[in-house]
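Here is a short briefing on one protein model. Keep the sequence and the structure in view as you read.

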Amino acid sequence: MQSASSLPVALSRRFALDDNSCARAARAEKTAAIRVEHATQRFRVIRERPDTLREPFAKFLRHSVSYYSFEAVRDVSLEVPKGQTLAILGRNGSGKSTLLKIIAGVYKPTSGCVEVHGTLAPLIEIGAGFHAELTGRENILMNGLLMGYSKREMQEREARIIQFADLGEFIDAPVKQYSSGMYMRLAFAVATEVDPDILLLDEILSVGDSAFQQKCLERIKQFHDAGKTILFVTHSLQFATSFCDRAILLDRGGVIAEGNPQSVVDAYQRSLEKPNAIASV
């Protein structure tokens, strides 16, 4: 079974690796859906590429493997009020997906504090949360049971999920036979039908046909109008300015611009024109 990064998670979750950094977190709970303070995500990367599969194991046993530290997210502080739609912009490799995974609980930050208040549905990776050998219909039930819903509750939602996903006869086919667009249809339908408080989207709408993308955008707008909190990683600048209340711009793992969407989009475009310049709002 793949990682469950498309499943809603607990009502309230806190990662606190630095007690001092979380001193104000409790006071923000009433207004903030998500609070991130000085979060850093560091990975160890092997310096040399091994020529054979045996070589890295031999070096490991001899304690001769050479690593360097890479900070995918660097000292990020962020507060998202309840009901806000936030666009996260940046080049590929700037740390956008890593930041969403920290918020979703997929990664535990190396340092810093992360708080989430409300049920959360992260649509971060295509197919995550599905069992490849089960059918689409069986995965709907399995996802619901893992979320804490009863079999009867998911059966009541099943028809609406299937109608929205619009997979036809493939709903009874194993999901390992699905295309990336079909995965996205089913994942989005399940995640939004269970009515989470917070929705995390990582370029999930970059796959699938335009008609279904439009249907997803309409549902996202319904979530926004209903006061849900939405974080959206996107390369669509039009989406950022049309649907989002606020935006941030990441570069090399850090936030370099923050504010109203149009201002941040302008800063992003300037950074693309001058890659070595630091954008500002």
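In helix α7, the buried residues are F212, C216, L217, R219, I220 and F223. Buried means under 20% relative accessible area, exposed means over 50%, and partly exposed lies in between, with a 1.4 Å probe and protein chains only. These residues cover an arc of only 165 degrees around the axis, so they sit on the same side of α7. The arc is that of the directions from the helix axis to the C-beta atoms.

This is a predicted model: local features need pLDDT of at least 70, side-chain atom pairs count only at pLDDT 80 or more, and totals for chains, interfaces and linings use all residues. Residues are numbered from 1 along each chain as its sequence is written, and side-chain values use heavy atoms, with hydrogens and water left out.

**More on α7**

- Helix α7 has 16 residues and reaches 22 Å from its first C-alpha to its last. That is close to the 22 Å expected at 1.5 Å a residue. The expected span is 1.5 Å times one less than the number of residues.
- The face turned away from the buried side of α7 carries the exposed residues S210, A211, Q222 and D225.
- What do the buried residues of α7 pack against? Their partners are α5 (151–165), α6, β7, β8 and α8 (237–243). Contact means heavy atoms within 4.5 Å.
- G227 follows α7 and has a positive phi, near 85 degrees.

**The whole protein**

- The protein has nine helices and ten strands. Helices (H or I, at least four residues) and strands (E, at least two) are DSSP runs, numbered from the N terminus.
- Buried residues make up 48% of the 281 residues in the protein.
- Take the contacts in the protein with a separation of 6 or more: residues 24 or more positions apart account for 73% of them.

**The sheet**

- Six strands form an open sheet with mixed pairing, in the order β6-β7-β8-β4-β9-β10. Two strands pair if DSSP finds at least two bridges between them.
- Which strands stand at the edges? They are β6 (120–123) and β10 (254–259). Each has a single partner strand, so one side of each is left without a neighbour in the sheet.
- Neighbouring strands of this sheet are turned by 15 degrees against each other on average, direction ignored. Axes are lines fitted to C-alpha atoms, for helices over the stretch in contact, and angles run from 0 to 180 degrees between N-to-C directions.
- β6 and β7 (residues 198–202) run parallel and are joined by four bridges. In this pair, L120 stands opposite I198 of β7.
- Helix α7 (residues 210–225) lies across β4 (85–89), β7 and β8 (229–233). It runs at about 140 degrees to β8.
- Helix α9 (residues 261–273) also packs on the sheet, where it touches β4, β9 (246–251) and β10. The direction of α9 makes about 20 degrees with that of β9.

**The nonpolar cores**

- The largest nonpolar core has 48 residues. A nonpolar core is a set of buried Ala, Val, Leu, Ile, Met, Phe, Trp, Tyr and Cys residues joined through side-chain atoms within 4.5 Å.
- L89, I140, Y178, L186, F188 and L201 have the most contacts inside this core.
- Helix α6 (residues 180–193) gives the largest share of the core, nine residues.
- L186 is in contact with F130, G136, I140, I161, A165, L167, I171, V175 and Y178, leaving aside neighbours within four places in sequence.
- A second, separate core has 25 residues, including A104, L120, I124 and L200.

- V175 is in the loop between α5 and α6. V175 is buried, with a relative accessible area of 0%.
- V175 and F130 are 45 residues apart in sequence, and 7.6 Å apart in space, C-alpha to C-alpha.
- D166 also has its place in the loop between α5 and α6. Its phi is near 55 degrees, a positive value in a residue other than glycine. Is D166 buried or exposed? At 52% relative accessibility, D166 counts as exposed.
- R252 is in the loop between β9 and β10. R252 has a positive phi of about 55 degrees, although it is not a glycine. At 49% relative accessibility, R252 counts as partly exposed.
- R185 lies in helix α6. At 12% relative accessibility, R185 counts as buried. R185 is in contact with A165, D166, L167, D209 and F212, leaving aside neighbours within four places in sequence.
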